[in-house]
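Please read the following account with the sequence and the structure side by side. The paragraphs begin at the ligand and then move to the strands.

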Amino acid sequence: MRWVFRELRDWWRGQREPESRAFDAQYGTRTVWFDLFNYEPSLPSVIEASLDALDIDVEDYTFVDLGSGKGRVVLLAAMRPFHEVVGIEYRERLHGLALDNLASFRGDLAAPVRFECADAARARLPDGPLVLYLFNPFPAEVLVGILAKIQDSARLVYVNPVAGEVLDELGWEEIARHEDEDVVRSWRIYAGPYD
Ligand SMILES: C[S@@+](CC[C@H](N)C(=O)[O-])C[C@H]1O[C@@H](n2cnc3c(N)ncnc32)[C@H](O)[C@@H]1O
């Protein structure tokens, strides 16, 4: 029964978030939708503010949303000139909806976009400098395994950073943060151990 309440909560959040509805209306997408998956999209204002706080030349970095859902983060990030923007999502239905949203997207893309249907914990990360984006897709131990693959300059944009202490322990340095009493509006940016 718990999933019913969770889905109703997510559906209600979608209804009460005018900025989420405005995003879909502006860009011709369907990123807020009642479904039976553990999916909640980042708020557009959170995506924009956190990306604005990056201290890097994005042209040099590949952006990867780990657990990309219906693709909202990927599409907004791809309006900036990253080297490439990648979304990794393991639920086929959500991956398919992300592809639909890419096809219908009315924004100006400034970067190549690629959606991959895969388990982010096992997926091969792109080579070169990375910006990883994370909004609560998996527990700390999975995150640790992914971060162990990093070999180059990296930033982690972490929304609702429930496992933030793990990053401190792994030598990632916090370089920006925004606190809000609504956890889905709180985020931090970390620089990786190779910077
Ligand atoms: C809270 S939603 C965030 C969606 C998107 N990143 C955003 O911020 O709008 C988390 C997403 O991660 C996906 N996910 C969870 N574990 C995953 C894994 N191991 N590999 C790929 N996707 C995963 C879920 O299916 C869900 O779509």
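How far does a polar side-chain atom of D65 lie from a nitrogen atom of the ligand, and what is the answer in Å? In this predicted model, the distance between that polar side-chain atom of D65 and the ligand nitrogen is 2.9 Å. E89 also takes part: an N or O atom of the E89 side chain is 2.7 Å from an oxygen atom of the ligand. A120 contributes through its backbone, where an N or O atom lies 2.8 Å from a nitrogen atom of the ligand. Taken alone, the ligand would expose 590 Å², and the protein buries 95% of that area.

The next step is strand β4, which spans residues 130-135. This strand is mostly covered, since six of its six residues are buried. In a regular strand, side chains alternate between the two faces of the sheet. On one side of β4 are L130, L132 and L134, on the other are V131, Y133 and F135, and all of these residues are buried. Both faces of β4 are therefore covered, where buried stands for under 20% relative accessible area.

Strand β4 has partners. Strand β1, made of residues 62-66, pairs with β4 in the parallel sense over four bridges. Within this pairing, V64 stands opposite L132 of β4. Strand β5, made of residues 154-159, also runs parallel to β4, and six bridges join the two. Here L132 stands opposite L156 of β5, and L134 has Y158 of β5 as its bridge partner. Between β4 and β5 the chain passes through helix α6 (residues 140-147), and this β-α-β crossover is right-handed.

Is strand β5 largely enclosed or open? Six of the six residues of β5 are buried, so the strand is largely enclosed by the rest of the structure. A154, L156 and Y158 point one way from β5, whereas R155, V157 and V159 point the other way, and all are buried. Strand β5 also pairs with strand β7 (residues 187-191), in the antiparallel sense and over five bridges. In that pairing, Y158 has R188 of β7 as its bridge partner.

The C-alpha atom of L66 is separated by 5.3 Å from that of I88, although the two residues are 22 residues apart along the chain.

Terms used: Residues are numbered from 1 along each chain as its sequence is written. This is a predicted model: local features need pLDDT of at least 70, side-chain atom pairs count only at pLDDT 80 or more; totals for chains, interfaces and linings use all residues. Side-chain values use heavy atoms; hydrogens and water are left out. Buried means under 20% relative accessible area, exposed over 50%, partly exposed in between (1.4 Å probe, protein chains only). Two strands pair if DSSP finds at least two bridges between them. A crossover is right-handed if, with the strands pointing away from the viewer, the path from the first strand over the helix to the second runs clockwise. A polar contact is a pair of N or O atoms within 3.5 Å; within protein, one must be able to donate a hydrogen and the other to accept it, and residues adjacent in sequence count only if both atoms are side-chain atoms. Accessible areas come from the Shrake-Rupley method with a 1.4 Å probe; for residues, only the protein chains shown count as cover.
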